[in-house]
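Take a look at the fold below.

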Amino acid sequence: MSSTIRKLVSLIVIWAYMHVQSAPSSTGKEYEIPNIKANWYKASEICNYFGMQLVTITSRDENDAVARFVQRSDKFSDVACSFWIGGNDLAEEGTFSWMPNGQLVRYANWTPGEPNNHNGTEHCMQIVYEPRREQRWTWNDNKCRTKYMYFICESKPRNCVEELRG
């Protein structure tokens, strides 16, 4: 099978597994959680393929909106769940930025003791709900390449040219 056909089949499979749930929110963003687990890089690629991006969270209101969305989804577990979000410190250790737009993470909701770059290998951000560990929609840094989990995509902001066309 040629690589083009393999890629097309992969994309069709991903599309078939998409679990599209849109969240009307005060942030003006729409959120979606694909029905597939991936590492951080693949999660970003999948969001981009569908014209979205990994979620960026710039305020407590946005963090709460994302939490409400996840709680209404079939990916939520009241025991524990975690999802990739769009931040990382891959460019400079300890300086987290939002990959979709390159902006520094200014609002932060880290779990106490995080980010800790455990074993020098944790660079990508996740949002975590695990009440027994006092993690209620707080953030953690984790291994970008080897951890597979669900992820949250968001609608991309429209630029002024798109606004004029729209």
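The buried residues of helix 3 (60–72) are covered by several elements, among them strand 1 (31–32), strand 3 (81–88), strand 5 (124–130) and strand 6 (135–142). This is a predicted model. The buried residues of helix 3 are Glu62, Asn63, Ala65, Val66, Ala67, Phe69 and Val70. Helix 3 itself has 13 residues. From first C-alpha to last, helix 3 reaches 18 Å, close to the 18 Å expected at 1.5 Å a residue.

Cys124 is joined to Cys144, with the sulfur atoms 2.0 Å apart. Cys124 lies in strand 5, while Cys144 sits in the loop between strand 6 and strand 7 (150–151), so the bond ties together parts 20 residues apart in sequence. Is this disulfide left-handed or right-handed? The torsion about its S-S bond is about 95 degrees, so it is right-handed. Both ends are out of the solvent by the cut-off used here, which is under 20% relative accessible area for a buried residue. Cys124 has a relative accessible area of 0% and is buried. Cys144 is buried too, at 5%.

The structure holds two disulfides. The other one links Cys47 and Cys153, again with a sulfur-to-sulfur distance of 2.0 Å. Here the torsion about the S-S bond is about -80 degrees, so this disulfide is left-handed. Which parts does the pair tie together? Cys47 belongs to helix 2 (residues 40–49) and Cys153 to strand 8 (residues 153–155), so the bond connects parts that are 106 residues apart in sequence. Cys47 is buried, with 0% relative accessible area. Cys153 is buried as well, with 2%. Counting bonded cysteines along the chain, the disulfides follow the pattern 1-4, 2-3. Another cysteine to look at is Cys81, which counts as buried at 9% relative accessibility.

Now turn to Met52. Met52 lies in strand 2 (residues 52–54). Is Met52 buried or exposed? Its relative accessibility is 7%, so Met52 counts as buried. Leaving out residues up to four places away in sequence, Met52 touches both Cys47 and Cys153. Those two cysteines form a disulfide, as described above. How far apart are Met52 and Ile152 in space? Their C-alpha atoms are 9.8 Å apart, across 100 residues of sequence.

Step back to the whole protein. Four helices and eight strands make up its list of elements. From the N terminus on, they run α-β-α-β-α-β-β-β-β-β-β-α. Of the 166 residues, 43% are buried. The protein exposes about 9,300 Å², and carbon and sulfur atoms supply 50% of that area.

Key: Residues are numbered from 1 along each chain as its sequence is written. This is a predicted model: local features need pLDDT of at least 70, side-chain atom pairs count only at pLDDT 80 or more; totals for chains, interfaces and linings use all residues. Side-chain values use heavy atoms; hydrogens and water are left out. Helices (H or I, at least four residues) and strands (E, at least two) are DSSP runs, numbered from the N terminus. The expected span of a helix is 1.5 Å times one less than its number of residues. Buried means under 20% relative accessible area, exposed over 50%, partly exposed in between (1.4 Å probe, protein chains only). Contact means heavy atoms within 4.5 Å. Accessible areas come from the Shrake-Rupley method with a 1.4 Å probe; for residues, only the protein chains shown count as cover. A disulfide is a pair of cysteine sulfur atoms within 2.5 Å.
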